[in-house]
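I opened this notebook to record what I looked up in one protein model. The entries follow the order in which I worked.

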Amino acid sequence: MKTFLALLVAAGAAAAQVNTLTPKEIADGWLLLFDGESTFGWTSEGKARWRAANGAFTADGGPGWLRSNAVFADYILKCDYRTGPEGNSGLFLRSAKEGAPHETGYELQIFNQHPKFPTGSLVNHIAAKKVSPAPGQWHSYEVQVEGDRFVVRLDGRRILD
């Protein structure tokens, strides 16, 4: 059985809308992982101090990441992000609770300047089609994770399969 999830996550300033699910999404089995107001359901790892502000996750104080307290098998993840011109971030997929998430799982890149694994790539595994999402603007990821297959869409465009 597939688990479907929805999430709004952000590196930067305020989200343009409240993070909610439509009645159809609820009926289809989507889960809301971020309520837009708190870090409930998440554990902070590393030095960063994570908080919810203006409908988005944001961090201060150094490197770190948020880890979902829930465990999922196959899923679809939808999230929005925004970074600055030199923003270097990512989403960790299928990572273990213990250990460095980029070593125990996969890092979905959010960093336009990486020479080998640009935004949309699975770092150290497979490069995505070259894209250059504009800094300072909101972008949407949709990531389908089924077994060892990852399908990544950025702003509706398939960039990795």
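The entries below go from the overall fold to the cores and then to the charged side chains.

**Basis.** I noted that this is a predicted model, in which local features need pLDDT of at least 70 and side-chain atom pairs count only at pLDDT 80 or more, while totals for chains, interfaces and linings use all residues. Residues are numbered from 1 along each chain as its sequence is written, and side-chain values use heavy atoms, with hydrogens and water left out.

**Fold.** I found 2 helices and 10 strands; helices (H or I, at least four residues) and strands (E, at least two) are DSSP runs, numbered from the N terminus. Along the sequence they follow the pattern α-β-β-β-β-β-β-α-β-β-β-β. I recorded that 37% of the 161 residues are buried, where buried means under 20% relative accessible area, exposed over 50%, and partly exposed in between (1.4 Å probe, protein chains only).

**Cores.** Of its 19 residues, Leu91, Leu93, Leu108, Tyr141, Val143 and Val152 touch the most other members. Strand 5 (75-81) is one of the strands that each supply at least two residues of this core, and strand 5 gives the largest share, 4 residues. Apart from this core lies another, of 5 residues, including Trp42 and Phe57. In soluble globular proteins, nonpolar side chains tend to be buried together.

**Glutamate 107.** I located glutamate 107 in strand 7. Glutamate 107 is buried yet has no salt bridge, a salt bridge being a side-chain nitrogen of Lys or Arg within 4 Å of a carboxyl oxygen of Asp or Glu. The nearest side chain of opposite charge, lysine 116, is 14 Å away; Lys and Arg count as positive and Asp and Glu as negative, and His and the chain ends are not counted.

**Salt bridges.** I listed 6 salt bridges in the structure. Glutamate 45 pairs with arginine 67, with the closest N and O atoms 2.9 Å apart. This pair links strand 1 and strand 4, and its residues are 22 apart. Glutamate 45 is partly exposed at 21% relative accessible area, whereas arginine 67 counts as buried at 18%. Aspartate 74 forms a salt bridge with arginine 94 at 3.0 Å. Aspartate 74 lies in the loop between strand 4 and strand 5 and arginine 94 in the loop between strand 6 and helix 2 (101-104), so this pair ties together parts 20 residues apart in sequence.

Key
A nonpolar core is a set of buried Ala, Val, Leu, Ile, Met, Phe, Trp, Tyr and Cys residues joined through side-chain atoms within 4.5 Å.
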